[in-house]
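Visitor: I would like to learn how to read the features of a structure like this one. Please show it first, and then take me through it.

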Amino acid sequence: MDNTPYAIEMLHITKRFPGIIANDNVTIQLRRGEIHALLGENGAGKSTLMSVLFGLYQPEEGVIKKDGKEVKINNPNDANDLGIGMVHQHFKLVECFSVLDNIILGVEPTGAMGVLQKEQARQKVMALSEKYGLSVNPDALIEDISVGMQQRTEILKMLYRDNEILIFDEPTAVLTPQEIEELLHIMKNLAAEGKSILFISHKLNEIMSVADRCSILRKGKYIGTVDIAKTDKAELSRMMVGRDVEFVVQKKPPQPKDVVLDVKDMTVASKVHKNNAVKNVSFKVRAGEIVCIAGIDGNGQTELVYGISGLEPLVSGSLSLCGQDITKAPIRKRSTMGMSHIPEDRHKHGLVLDYTLEDNIVLQRYFEPEFTKSGFLRRKNIRTYAERLIEQYDVRSGQGPITIARSMSGGNQQKAIIAREIDKDPKLLIAVQPTRGLDVGAIEYIHSQIVAQRDAGKGVLLVSLELDEVMNLSDRILVMYEGELVGEFDPKTTTVEELGLYMAGGKRKEVHG
Amino acid sequence: MKQENKSFGRKLLENDGFQTLLASILCILGGLLVGFIVLLLIEPSGAVSSMGAVIKNFFHYPQALWFKYFGQTLVRTVPLLMCALSVLFAYKVGMFNIGAAGQYVAGACATLYFALGLKMPWIVCILAGMAAGALLGAISGALKTYCNVNVVISGIMLNWIGLYATNTILATVKNPTSPYTLPVASVNPGAVIPSLGLDKLFNEKTVTLAVPLAIIVAVLIWVVLNKTMFGYELKATGNNFNAARYAGMKENRNIILTMVIAGALAGLGAALFYLTGIEDWETTMSAVPGMGFNGIAVAFLGGLDPLGSILAAYFIQHITSGGGGVDLSYYSSQISSLISSLIIFLCAFVGFFKMFILKRIRLSDEKKAEAAKSAKGGAGK
């Protein structure tokens, strides 16, 4: 079996769906002990390819080889038997089970009469955890631990099953910068121990820092495989998008005008613990500027936005929008007064997934006379409006306005939300993690839209965990730590390191907002 | 892949509505088959004629009586359809209204009390029935929004509370010598729903305005769900509560309102049934009438579509009534209920059969692709 250096090979895979060729003659060869990145925009066919590898889809053409021998993978169990394991972007963990229980789920070691024998499982897990530097508390419940530790649990799940081929599906999308650093380190360790890793990502920095080789897909087609040592970000992004990509957002100096949003001593309760998630926060957003709230995930940013948008009531403090008090205004009132909100979680808040694209596009405006006349929806107007936005904001989908939102790629779902919120012509645009999980092409587009909104004289409140985005986009940076604003910075005069120090709670200064 | 060369039959097969219809028919056939097998097991000699009676329903009788029995079947279809609408309306907003049974009972209670006790005209009695059903629905809805109590739990509780409260209240207007309430037609003729000549058409006095009214209500529910802003909001709330909230909809109000409407529909069903005088309420009843539960089966058999439910409700009532024609010299008297409940049970499998159909389509596709590939390969050599 050792006459081939490849652990797994997918040769000339073609997978068609009605109306679309998801994979068109794609070839990926994963060497033993390498980290092989799979790069592509949303909808490029990465997920389909992995589903083929996992036996969820059968390709129309092409073969899969393991150690040089052709194999047939009919279902995920076959993939598991071949030693292929995957960490999904959305974790597949049982929330109310412990870490250990999740790891052994499905392969529980049992003794006589089916009695669980957890002790030996625990030893194996602890040994693995030590060997690869995957620190977890085996007895903690999943619902109580951080996203990073949940991910380490997923990795341990694969290792516990002695998987040799590890697939990471956009593993950094949900992590903080520190956790990303740690994960990349773990991946290098795993590769050094002889595991073969397929790393699905569209974050070029991470691919550059961790991968050995990179295969690129674009619109279902295989573009090529390159050695990371012999390439750079610009080349990778060109191969992925098919054109040159701007990494630095081009923008003119800001021209702040009147105050759009005035937050005074705002306090918001936490849903998780007894303390307040947001404590006495005051700041202002002016028309024509982008104010960015930076911070590590879970420091009150979510609740801050809930408070401003009206999803959660304030414990104390006041809010005003364009000079009018909105402290107690209902959500609809805030929206019609000129507040647009690109939510953090597009599946939870942003979309009704089982509604069509057009019904989602009018989600904030369906009640306006243009779309509703004496209680009846004006379907024709909705269709026309949706078609315009789809065209203008380049939202791609299988069946246009009548596509079910659930079936769209994440990037296009996000584009639909952004189209909806921007086209409302707001006075204040709140954008929370607007580029989370998106590829460079989409990120570039969304960033340019946000800057365009600023230049059109709108106030923009951006909440982001990505420091690159914070530095690139904002005119003013406010750092949030444990529910308080601990520093205000000008992106031109500060550094990522300085921000990091404040984000981690190492330093603080008075903020006037 | 171009698709324009698809045959009409193929397009039809891929249509969601058609698949539902096909699945419903498969369910019905499955139910009839299982029922037939049960009859065969008990007593083979009477199976064919009894099954025939179930399927034929009123055709089983002499021709002169066809219309009369057809009319009776229609009268009994009305409450079933209303309960099905109640279930599906709540289902579209993400709630499983098992409480339709109790709302139906509450509707019967208010309707009959207003008719017999207060001697009100029929229209007032109908409104009272709807209000009572709506009240029970509102309780479930309020418990859901304010205390996060699942509507299934509160619904089941309220079914029993409703039943015994009804028995107690209606005992005040019952016939002193029997457990049944007094006949509406003789105590308060003004409470009987007018028939506008329908009774003459069917030669059956219980056929009233209730029948066309029920169809109108079904169409109305279809319009509300599919064409109005209100329906858009309700379905959004049901599909994604958080997104509805984010979009500024009054999500709590929507939940309660949905249950109020669902309850009113079930209550209306009871009113449209008991105000025809076809049956009186039995005040010693110790189980909730099956109407609300059968409504669940009808709603699913009808593909969760108000218009589909019209057909489904009629079918279920058709075989239930037909069950009365089972030959009792071979079988015990409960057999007709057994047969119809078997069929109703199989009707819950619409989703399953739909999946089955989809799978068959996929398999045949793959086979064709395989065949095309090998043909291509052969030609190439």
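Predicted model: local features only at pLDDT ≥ 70, side-chain atom pairs only at ≥ 80, totals over all residues.

Visitor: In what sense do strand 13 and strand 20 of chain A pair, and over how many bridges?

Guide: A pair of strands is read by its direction and its bridges. Strand 13 (residues 290-294) and strand 20 (residues 459-464) of chain A are parallel, with five bridges. They belong to an open sheet of six strands in chain A, ordered 16-19-20-13-21-22, in which the pairing is mixed. Strand 16 (339-342) and strand 22 (484-489) of chain A have a single partner strand each, so one side of each has no neighbour in the sheet. On average, neighbouring strands of this sheet are turned by 20 degrees against each other, direction ignored.

Visitor: Which strands does helix 14 of chain A touch on that sheet?

Guide: Helix 14 (residues 410-423) of chain A touches strand 16 and strand 19 (428-432) of chain A, and its direction makes about 170 degrees with that of strand 16. Helix 15 of chain A lies across strand 13, strand 19 and strand 20 of chain A, at about 150 degrees to strand 20.

Visitor: What is the order of the open sheet of four strands in chain A?

Guide: The order is 12-11-14-15, and the pairing is antiparallel. Its edge strands are strand 12 (276-286) and strand 15 (324-325) of chain A, each pairing on one side only. Strand 14 (residues 316-321) and strand 15 of chain A are joined by two bridges; Ser320(A) has Asp325(A) as its bridge partner in strand 15. Helix 9 (residues 301-309) of chain A lies across strand 11 (259-269), strand 12 and strand 14 of chain A, at about 120 degrees to strand 11.

Visitor: Which residues are buried in helix 8 of chain A?

Guide: A general point about helices comes before the case. An α-helix has 3.6 residues a turn, so residues three or four places apart point the same way. In helix 8 (residues 233-241) of chain A, the buried residues are Leu236(A), Ser237(A), Met239(A), Met240(A) and Val241(A). Their cover includes strand 3 (35-39), helix 7 (204-210) and helix 15 (440-455) of chain A. Just after helix 8 of chain A, Gly242(A) has a positive phi of about 90 degrees.

Visitor: Where is there a positive phi in a residue other than glycine?

Guide: One case is Asn203(B), with phi near 55 degrees, in the loop between helix 9 (198-202) and helix 10 of chain B. Asn203(B) counts as partly exposed because it has 13 C-beta neighbours inside 10 Å. Leu304(B) also has phi near 55 degrees and lies in the loop between helix 14 (291-301) and helix 15 (306-322) of chain B. Leu304(B) is partly exposed, with 19 C-beta neighbours inside 10 Å.

Visitor: At what angle do the axes of helix 4 and helix 13 of chain B cross?

Guide: A helix pair is read from the distance and angle of its axes. The axes of helix 4 (residues 66-92) and helix 13 (residues 251-274) of chain B come within 8 Å and cross at roughly 175 degrees. Angles over 145 degrees count as roughly antiparallel, which makes these two helices of chain B roughly antiparallel. Residues in the contact include Met82(B) and Phe89(B) of helix 4 and Leu265(B) and Phe273(B) of helix 13. By class, the contact has 16 nonpolar, three polar and no charged residues.

Visitor: How many residues does the contact take from chain B and from chain A?

Guide: The size of an interface is often given as the accessible area lost when the parts come together. Here the reading is a residue count: 17 from chain B and 27 from chain A. On the side of chain B that touches chain A, helix 11 of chain B gives the most, with five residues. By class, that side has nine nonpolar, six polar and two charged residues.

Visitor: With which residues is Thr228(B) in contact, leaving aside its neighbours within four places in sequence?

Guide: They are Gly375(A), Phe376(A), Leu377(A) and Val223(B). Thr228(B) is placed in the loop between helix 10 (210-227) and helix 11 (229-239) of chain B. Thr228(B) is partly exposed, with 16 other C-beta atoms within 10 Å.

Conventions. Residues numbered from 1 in each chain as written. Chains lettered and ligands numbered in written order. Buried ≥ 20, exposed ≤ 12 C-beta atoms within 10 Å, placed from the backbone. Contact = placed C-beta atoms within 7 Å. Pairing = 2+ DSSP bridges. Axes fitted to C-alpha atoms, helices over the stretch in contact; angles between N-to-C directions. Nonpolar A, V, L, I, M, F, W, Y, C, P; charged D, E, K, R; others polar. Parallel < 35°, antiparallel > 145°, perpendicular 65-115°, else oblique.
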